[in-house]
Amino acid sequence: MDATAEHAEKPEHAEKPEHVRAGRPVRIPEVDALRGFALLGILLVNALMMAGPYGTGGVVDPDASALDRAAEGLVQTFAVGKFYLMFSFLFGYSFTLQQASAARDGARAVPRMLRRSFGLLALGVLHAVLLYTGDILMTYALIGLVLVAARDCAPRAALVAARIVYGCASGLLLLLGLGSLFLSDAETAEADAGLTAGFAGLVADYRGDAASVVRANLEQLPDALLAVPMMGGFVLAAFLTGLYCGKLRLLADLGQDRARLRRLCVLGTAVGLPGSLFMAAAAGGALGPRWTLLGTVVGMVTAPALTAAYVCGLLLFMRTARGARTAALLAPAGRMALTNYLSQSLVMALVFTAYGLALYDRLGAAVVVPGALALYGAQLALSKYLMARHRYGPVEWLLRAVTLARLPRR
C-alpha cells in the first residue's frame, strides 16, 4: 500500500499527464490504477469484518439470510485473501522506485527506508488500536525490513526466494489444514462454541462507548497478531515477487509481452478460482464445520494465483481504450491509497461502532456490501478532486515527511 513513491521508469517518449510539473518524475498510471482497484477488494473484506463478529468465515452466522450468505460467498470467493497480496506485490515493486528516488536525490537509501518502516508501524499501531484490529500496515512495516536487507540482491535471487518462501508457507498451512480433518464433529462444535462465547461481550463493547471500543480492539489485538505468521509468508513472497519485477522494470512497458500476460491470466484463474470456491463453500458451512480450516488454508494457498490473474487481466484491459478510461478513474485513488485505506476504516468505525451509529452486528452482508461499494465510489470522486490539486494525499504527505526527515513540497 505504497502510493507515495515516484514512478520514474516511464519510457521517455510517453506523454506526460497535465498535472505533472516539469522536473518531477513521471508516475506509471497503470500501477496507481492497480492500487486503486485493490482498494475495492480491501474495503469489501474489511467492511464485513468490521460489521459484526462473524466476519467472512470461521463460524457461520445462524441468523444470516440467504441473500446475506450469497453476498458473503461472493466476497469470500473473489476478494478474501487476494487484494492484500496485490498491495504486497505493489509494495515490493515500489520499493525499487524508492531506491531510485534516493539515488536521484543523492541520499542514503537505508535510513530513508527505515524511517518509512517506522512511520508505517506507528500508523499501523494507531489504526489497530483506534479503528480496526485487522490492520496490515504493521505487517508491512516489519516484513518490509526483509526488503531493506535484500535491496541489492539479483532479480533472479529475489524470484527464487519468493518461490521458496511461498512453498514453505503453503506446505506448513496445508499440513495444519489436513490435520483439522481428524477432529470429530463434536470437537469442532466445541471449538466453534468457544469462539462464539465471546461474541456477546464483543457486541456490547462495540455498541458501548468510545472507551469500550478501544478496549475491545486491545483485547483482540493479540489474536490479530497471531494471524500474522499465517499470512506473513505470503506477504513476503509477494514483496519479493514485486522486488523482482521492479528490478527488471517489467511494468515500464506493458505492451511488450501481452501473450505472457494472457497465459498468466488464464493459468491463475484456472488454479485460483477453484481454490476460492472451495474456501467459500467451506466458510459458508456447505461442507460441514470440520472443513472450515482446510477451506481457509486452500484459499490462502491458491489466492496468489487468482491475484496474479487479476493483475495480468487488468494490465491487459488497461491497454484498450475502455481500459485506459477505467485506469484514469482508478489511478487517483491509487495515488493516495494509504489515505483511502485508513479513511475506509474511519468511516466504517463511525458506522459500526460506538464512535458513531453503533450498528455492529445489526446489518447483514446484503446491506454492508452495497454500502461499501457506495463508499468506494465516493472515494474515487474525492481522490480525483484532490489529486488534481495536490501532489500527495494527506497521509502520504505525512509519511513522506517522516521518510525524508523534512517537509516535502506539495
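Q: What makes H4 and H16 count as meeting, and which residues do so?
A: Arg-112, Arg-115, Arg-116, Gly-119, Leu-120 and Leu-123 in H4 meet Val-395, Leu-399, Val-402, Thr-403 and Leu-404 in H16. They count as meeting because contact is taken as heavy atoms within 4.5 Å. By class, this contact holds 6 nonpolar, 2 polar and 3 charged residues. (Ala, Val, Leu, Ile, Met, Phe, Trp, Tyr, Cys and Pro are nonpolar, Asp, Glu, Lys and Arg charged, the others, including Gly, polar.)

Q: How do you know what kind of model and numbering this rests on?
A: This is a predicted model, in which local features need pLDDT of at least 70 and side-chain atom pairs pLDDT 80 or more, while totals for chains, interfaces and linings use all residues. Residues are numbered from 1 along each chain as its sequence is written, and side-chain values use heavy atoms, leaving out hydrogens and water.

Q: Why are H4 and H16 called oblique?
A: H4 and H16 (residues 394-404) pack at about 140 degrees, with their axes 7 Å apart. Angles run from 0 to 180 degrees between N-to-C directions. Those under 35 are roughly parallel, over 145 roughly antiparallel, 65 to 115 roughly perpendicular and the rest oblique. The angle of about 140 degrees therefore makes H4 and H16 oblique to each other. Their crossing is right-handed.

Q: Which residues bring H1 and H14 together?
A: From H1 come Arg-35, Leu-39, Ile-42, Leu-43, Asn-46, Ala-47, Met-50 and Ala-51, and these meet Ala-337, Asn-340, Tyr-341, Gln-344, Ser-345, Met-348, Ala-349 and Phe-352 in H14. By class, the contact of H1 with H14 has 11 nonpolar, 4 polar and 1 charged residues.

Q: Why is the packing of H14 with H15 called oblique?
A: The axes of H14 and helix H15 (residues 365-387) come within 11 Å and cross at roughly 135 degrees, which makes H14 oblique to H15. Asn-340, Ser-343, Gln-344, Val-347 and Phe-352 in H14 meet Val-368, Leu-375, Gln-379 and Ser-383 in H15. This contact divides into 4 nonpolar, 5 polar and no charged residues.

Q: What makes a space in this structure a cavity, and how many are there?
A: On a 1 Å grid over the protein atoms alone, a cavity is a set of points where a 1.4 Å probe fits but cannot get out, and lining residues have an atom within 4 Å of a point. A search of the whole structure finds 3 cavities of 30 Å³ or more.

Q: Which residues and helices line the second largest cavity?
A: Its lining has 11 residues, and Phe-91, Phe-95, Gln-98, Arg-116 and Ser-117 lie nearest its centre. Helix H3 (83-105), helix H4 (109-130) and helix H5 (137-149) each supply at least two residues of this lining. The largest share, 4 residues, comes from H4. By class, the lining of the second largest cavity divides into 6 nonpolar, 3 polar and 2 charged residues.

Terms used. On a 1 Å grid over the protein atoms alone, a cavity is a set of points where a 1.4 Å probe fits but cannot get out, and a pocket is an open set with protein on both sides within 12 Å along at least five of seven lines; lining residues have an atom within 4 Å of a point. Grid points are joined across faces, edges and corners, and a volume is the space filled by probe spheres set on the points. A crossing is left-handed if the near helix is turned anticlockwise from the far one by less than a right angle, and right-handed if clockwise.
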